[in-house]
Amino acid sequence: LEKVKERIVEYLAVQQRSAKLKGPILCLVGPPGVGKTSLGKSVAKATGREFIRISLGGVRDESEIRGHRRTYIGSMPGKIIQALKKAKTTNKK
């Protein structure tokens, strides 16, 4: 994970210099036990943001991740939007 850590530190340095709130959603992929969650928690703590973990194991359909179209009866938001609601935070700018 040395390359990943180096890239994240580089990203945090650029974000600190530019002083903007926008940033990408991190998607860490790998086998169990390599430190994805702890790395994500550290980045969230360093940026002062909430940490939400989304597991996509067993997801069968793209609409479960992105959400259904609103025109359908009984449409549901996707896993990402549900996690954002669970975090109860928004960017204030």
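Biologist: Of the contacts between residues at least 6 apart in sequence, what share joins residues at least 24 apart?
Modeller: That share is 40% in this chain. Keep in mind that this is a predicted model.

Biologist: Thanks! How many helices and strands does the chain have?
Modeller: There are four helices and zero strands. Read from the N terminus, the order is α-α-α-α.

Biologist: And what percentage of the residues counts as buried?
Modeller: The figure is 12% of the 93 residues. The chain's accessible surface is about 8300 Å², and carbon and sulfur atoms account for 55% of that surface.

Biologist: Switching topic: how many salt bridges are there?
Modeller: The count is one. Arginine 7 pairs with glutamate 10, with 3.5 Å between the closest N and O atoms.

Biologist: Where do arginine 7 and glutamate 10 sit relative to each other in helix 1?
Modeller: They are three residues apart in helix 1, which covers residues 2-18, so about one helical turn separates them.

Biologist: Now pockets. What is the volume of the second largest pocket?
Modeller: Its volume is about 160 Å³.

Biologist: Which residues line the second largest pocket?
Modeller: The lining is made up of Glu62, Ser63, Arg66, Gly67, His68, Arg69 and Tyr72. By type, three of the lining residues are charged, three are polar and one is nonpolar.

Note on methods: Residues are numbered from 1 along each chain as its sequence is written. This is a predicted model: local features need pLDDT of at least 70, side-chain atom pairs count only at pLDDT 80 or more; totals for chains, interfaces and linings use all residues. Side-chain values use heavy atoms; hydrogens and water are left out. On a 1 Å grid over the protein atoms alone, a cavity is a set of points where a 1.4 Å probe fits but cannot get out, and a pocket is an open set with protein on both sides within 12 Å along at least five of seven lines; lining residues have an atom within 4 Å of a point. Grid points are joined across faces, edges and corners, and a volume is the space filled by probe spheres set on the points. Ala, Val, Leu, Ile, Met, Phe, Trp, Tyr, Cys and Pro count as nonpolar, Asp, Glu, Lys and Arg as charged, and the others, Gly among them, as polar. Helices (H or I, at least four residues) and strands (E, at least two) are DSSP runs, numbered from the N terminus. Buried means under 20% relative accessible area, exposed over 50%, partly exposed in between (1.4 Å probe, protein chains only). Contact means heavy atoms within 4.5 Å. Accessible areas come from the Shrake-Rupley method with a 1.4 Å probe; for residues, only the protein chains shown count as cover. A salt bridge is a side-chain nitrogen of Lys or Arg within 4 Å of a carboxyl oxygen of Asp or Glu.
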